[in-house]
Amino acid sequence: MRTRHVHHDDHHDDFGGLHRDLGATGAAIDRRGMLRLVARFGVGAGALTLIGCGSTPTSPDDSSNGTGRSCSSRIPEETAGPFPGDGSNGPTVLSASGVARSDIRSSFAGLSGQADGVPLTLVLTIVSSSTCSPLAGRAVYLWHCDRLGRYSLYSSGVINQNYLRGAQEADANGRVSFTTIYPGCYAGRWPHIHFEVYPSLSAATNVSNKSATSQIALPKSANDIVYASSGYESSVQNAAQVSLASDGVFSDGASVELATVTGTLASGLTAALTIAV
C-alpha cells in the first residue's frame with residue numbers, strides 16, 4: 001500500500017490568475033506501476049494515444065478471488081489545496097442545489113457563467129485497493145482550475161462563479177464520468193485535477209464525511225497538444241517551468257495518479273484513471 005501524508009497548504013496569488021499548490025511528502029513511493037507506464041505521442045491533427053499508470057481490473061471479477069492480493073496501490077492522500085469549495089476553507093458547494101451533475105462546465109445554483117476551453121471527458125473508476133472490486137455507490141466530488149489557472153469561488157474575476165465543480169455517484173461498475181474542460185497550467189504546479197471520495201452521494205454534503213482526498217496528474221504529451229490551442233497561451237510558459245519531478249505534490253512519484261489520455265482535439269479528449277481506495 002502506498003501512502004503519502006501532506007502537511008503543507010497551497011498558496012495562491014490572484015495576480016494574473018496564477019496560483020501555487022505546495023505539498024510535503026512522507027512515506028516512500030511504490031513504483032511498481034512505473035514499469036507499466038507507456039506513452040505514445042501521435043502527431044498530426046492533434047491525435048494522441050497516451051497510456052497513464054494505475055492498474056485497471058479487466059472486469060469486476062478480475063480481483064483477488066479471496067486471496068487478499070491487492071490489484072492496485074491505494075491512491076495517496078494529497079492536499080485539497082486552498083480552493084476546495086467544500087466548506088473546509090471558506091465557501092461550499094457540497095449542499096448546493098445542482099451540484100450532483102456530470103457536465104461541470106457551467107456555474108449552477110442560480111449563478112451564470114461558462115468555463116471555456118478544450119473539451120475533456122474525465123472517467124474515474126473507484127475500486128477497492130484490497131480486492132479490485134468496483135465500489136458502486138461511492139461519490140466523487142471533483143474540482144479544478146479553468147484554462148487561465150483560476151479557481152471559481154476564490155480567484156479574482158471568478159469569485160462569483162462556481163463552475164468546474166461537481167459531484168457524482170459511481171455506477172455499478174464503480175465509474176463516474178464528468179464533462180469538463182482541460183485545465184490550464186498555473187505557475188508552480190503540474191497540470192492537475194482535485195477530487196474527494198465519499199461513502200455515498202448523501203454523505204457528500206459534508207466534508208467531514210470524505211474518505212479520501214487526492215489529485216490527478218495529466219500527461220505531458222496531452223498538455224503539449226492542448227496548450228498549443230488558443231486560450232492556453234499562459235500555460236505554455238508555466239508548463240515549461242515545472243515537471244512531475246519538481247512538482248510539490250507529484251515529485252515523490254505519480255504512478256497511480258497519472259491519467260490515461262486518448263482522443264484528438266477535433267473529436268474530443270478523454271482522461272481515465274482507476275482509483276483504489
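Mentor: Start with a facing pair: the bridge partner of Tyr141 is Ala167, in β7. Residues are numbered from 1 along each chain as its sequence is written, and side-chain values use heavy atoms, with hydrogens and water left out. The model is predicted, with local features needing pLDDT of at least 70 and side-chain atom pairs counting only at pLDDT 80 or more, while totals for chains, interfaces and linings use all residues.

Strand β6 (residues 139–143) pairs with β7 in the antiparallel sense, over five bridges. Strands here are DSSP runs of E of at least two residues, numbered from the N terminus, and two of them pair if DSSP finds at least two bridges between them. Both strands belong to an open sheet of four, in the order β7-β6-β9-β10, with antiparallel pairing. Its edge strands, β7 (165–169) and β10 (212–217), each pair on one side only. From one strand to the next the twist averages 25°, where axes are lines fitted to C-alpha atoms and angles run from 0 to 180 degrees between N-to-C directions. In a regular strand the side chains alternate between the two faces of the sheet.

Another set of pairings involves β5. Strand β5 (residues 119–127) pairs with strand β8 (residues 175–181) in the antiparallel sense over seven bridges, and Leu122 stands opposite Phe178 in β8. With strand β12 (residues 268–276), β5 pairs in the parallel sense over eight bridges; here Leu124 stands opposite Leu273 in β12.
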